[in-house]
Amino acid sequence: MKAASALSSEAPLAGAARSVRGARPLRDATELRDAVSRIRAALTRDVPAERIADTLGATFETLRSRTSAARRDTLRKIGRSSGWSYALLDESVDALLRPFTRRALDALAERVRARREVFGFVMPGNVPGAGIHELTLALLAGAGVVVKAASAEPVFFNEFARAISEIDRSVGERLTVFAWDRGRSDLTATMRESVECLIAFGDHSTIDALARDGRIIGFGSRLSAAVMGSDAACGANLESAASAVARDVTLFEQHGCLSPHQVFVEAASTDTARGFAVALAGELTKYARRLPPPARLPLEAAAAIRREREVARWRALGGGEVALFEGRRLGWTVIFDPAASITPSPGYRTVRVSVIANLDELKARLAPASGRLEAVSVASGNPEAYAAAMRSLGVTYVSAPGAMQSPPLDWPHGGGAMLELAGITP
Amino acid sequence: MIGSRLARHRAPRMSIHDQVITFIRNPEPGRFDALGVAVFRHQYDHVPAYRKYCAARGCKPSEVGVLAEVPPVSTVGFKYSELMSDEFSQEAGGLVFTTSGTTQSSELRGRHFVARPDVYRESAVRHLRAMLFPDVERISIVALHPAADAMAESSLAQMISWAVEEFGAPASACFATRARIDVPAAVDSLRAFAARGEPVCVLGTTAAFAALFDHLGDGAMAIRLTPGSRMMDTGGAKGQLAPLVQEDVMALAGARLGIEPYCVINEYGMTELCSQLYDSTALNSPGANGAASRTKIAPPWMRPFALDPVTLTALPDGNIGVLAFFDLANVSSVSAVMTEDFGIIERGGVRVLGRAASGDSRGCALGIGEFAAVSTRPRVASTRARMRAAR
């Protein structure tokens with residue numbers, strides 16, 4: 001059954017402005033159990049997968065609509081708490097939601113195995129919308145979902161749930177979003193006891209703590225990078241490649257697991273890679289004008305970026321083959337560090353550029369993060385050669401530069417355990 | 001008359017180092033800024049790496065009129081560059097101190113080239129007198145850290161040697177080598193002092209005190225040191241599996257050594273600085289409040305700042321920033337030093353909040369700290385490398 005005709009994708013959210021709010025604070029375990037009971041009751045009312053896909057499609061369309069008042073309010077609210085500029089959030093959320101088209105949702109709905117269960121999601125707070133792939137998959141599979149929104153970002157999923165409810169209440173009844181402090185382990189334990197499967201995002205200490213009392217699907221912290229083939233980082237391709245990488249670095253203020261922290265340039269000489277670093281710095285300058293960095297960085301992040309800069313500056317002064325390119329007020333930083341192996345940066349558009357001679361050297365440079373690599377963008381005339389090598393290192397998403405924040409719906413995030421749960425073979 | 005005026009004119013102008021020593025001996029707060037700017041200009045002229053750094057930052061000494069305009073050198077600068085004055089000479093008595101390092105290779109340790117150790121000694125001894133020994137001429141010192149003869153590259157070892165020379169009674173002793181602390185022997189010594197009713201001063205890293213407290217255990221093994229006994233710990237969490245916080249140190253010092261809380265003094269210092277800060281307590285600061293409101297006191301020849309890491313400008317008192325210092329006693333290297341610690345300046349004191357963390361929780365994104373913890377390769381950036389647990 002196609003219910004699209006019955007659904008208005010724009011009306012509920014694009015109309016008069018309404019108050020956007022964060023997830024409801026959970027009072028106690030009883031409230032959580034009651035919510036799960038209501039979701040279970042909702043699951044007894046049959047809703048075909050196609051209708052869920054249509055509802056989600058309509059929801060994503062409204063969330064993608066830049067004229068939607070609710071979207072604008074949501075992004076403003078996230079911007080106020082994160083300090084990120086509205087323009088940056090606008091473009092970042094667009095990138096994240098781009099793959100969630102009706103066609104892609106329909107196609108995925110046809111592949112999922114029905115799960116009449118309730119899943120609990122512990123969402124991360126570093127990036128608005130992180131976890132949307134898995135949440136969408138759960139809903140498409142017909143599962144009910146209770147979400148613990150992160151205290152650092154309690155808005156996105158609450159508004160997502162609201163939007164679903166406003167479009168199709170019978171689907172909306174299957175999703176409830178709460179917020180509680182991570183210190184309330186009693187409430188998290190109650191969620192675990194109340195659901196069939198817990199799906200958690202966060203750093204490894206968070207995942208380990210949650211896994212202590214039973215099996216979970218955990219999405220631990222991961223790292224991403226970019227690779228410029230020898231034909232991509234010079235000549236006519238240089239500017240477009242640098243611009244695309246700058247976009248990947250800039251979106252979400254480099255806070256997600258899909259944000260590249262280091263660019264490896266395949267080149268016979270360091271001059272080529274240095275040229276790429278210069279071009280990347282130029283493109284980050286352009287992005288900083290169009291998508292302004294935060295007016296005020298968090299103190300710890302600012303101190304960490306300052307440290308990275310000072311290390312680079314002093315290594316260069318000490319005669320090291322290092323170069324520092326820096327935007328004003330710590331807005332962006334490019335460190336040309338030819339021999340560096342992969343290392344995470346403090347975020348906020350801080351990226352290293354290094355040189356590799358060949359694929360074997362690339363694998364060696366990525367090895368310190370083996371098993372913790374999420375995405376790698378590849379610019380090359382022969383991307384498949386790189387892609388195969390990256391997959392052998394556990395990379396779950398290989399994309400073109402500029403598309404790193406837009407993985408497809410069947411992205412085997414974290415290794416694909418969630419896809420497996422939904423019966424999907426990548 | 002004319003002859004004596006000419007003689008005054010011909011008298012050699014006091015060197016910048018001697019001006020600093022004079023200031024340390026007789027601080028005149030109103031002269032600090034002018035002397036500081038003069039020290040900066042001297043360092044610009046004599047420390048080539050600093051001159052290059054200033055140039056890279058677009059700083060011209062002729063345009064620096066106030067201390068706030070002096071570019072601070074991050075402590076990482078001491079690691080990656082030779083911030084050595086052209087006046088430095090080991091043959092002439094210059095000393096080189098290196099930062100501790102447990103997970104990094106030796107070439108990545110910071111080095112502080114001190115061309116004029118006499119200025120360093122003057123600074124260290126005078127502030128020790130004011131903060132740890134204001135009420136005694138000499139007292140027996142028990143050191144839980146090697147002295148300079150056993151660990152010449154350690155600035156803490158050097159300071160312990162100077163403390164023993166200047167303030168130590170004849171029975172003072174050191175119970176540590178480069179390899180280990182002889183805790184049982186130190187305990188025997190402390191029991192002997194207690195039995196004789198003789199007050200003692202115990203010096204060491206916080207980690208060394210943790211080992212001492214652990215050895216003494218609960219109850220029966222405790223020592224009741226004679227009133228007037230005191231201790232100075234430094235280095236914070238470095239080297240400890242379960243770090244003791246200041247409140248723990250004070251409680252354990254009372255329970256296991258019988259030292260009054262106001263005689264438990266924590267020192268904040270680092271290899272890159274020739275001056276140190278100490279807790280203000282009733283021992284050294286009449287009217288000082290309890291442990292909860294302790295601040296650290298810099299000597300009059302050192303000015304602390306809390307910097308905005310974005311702009312590197314000093315924040316108003318009461319705001320959290322990255323701690324930086326202008327230390328006149330660093331006259332023979334670089335005086336404007338930016339640490340990697342957060343802190344607050346309040347009422348002339350410094351509240352140290354700890355290391356500017358890079359291990360922030362980043363949700364699904366791998367952070368620097370977490371990566372460092374899981375990565376098996378040698379790390380360029382070691383946490384707490386500059387806090388001088390074992391200088």
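Domain bounds are those of an automatic or database domain assignment. In this predicted model, local features require pLDDT of at least 70 and side-chain atom pairs count only at pLDDT 80 or more, whereas totals for chains, interfaces and linings use all residues. Residues are numbered from 1 along each chain as its sequence is written, and chains are lettered from A in the order in which they are written.

Chain A is assigned domain 1 (7-221) and domain 2 (223-399). The C-alpha centres of domain 1 and domain 2 of chain A are 31 Å apart. Domain 1 of chain A contributes 12 residues to the contact and domain 2 of chain A contributes 12 residues, two residues being in contact if their C-beta atoms, placed from the backbone, lie within 7 Å.

Chain A contains 17 helices and 13 strands, defined as DSSP runs numbered from the N terminus (helices H or I, at least four residues; strands E, at least two). An open sheet of mixed pairing is formed by 7 strands of chain A in the order β9-β10-β11-β8-β7-β12-β13; strands pair if DSSP finds at least two bridges between them. Its edge strands are β9 (323-326) and β13 (397-399) of chain A, and the twist averages 20° from one strand to the next. Antiparallel pairing joins β9(A) to β10 (residues 333-336) of chain A over 4 bridges; Ala323(A) has Phe336(A) in β10(A) as its bridge partner.

Helix α14 (residues 299-317) of chain A lies across β9, β10 and β11 of chain A, at about 140° to β9(A). Angles run from 0 to 180 degrees between N-to-C directions, with axes fitted as lines to C-alpha atoms, for helices over the stretch in contact.
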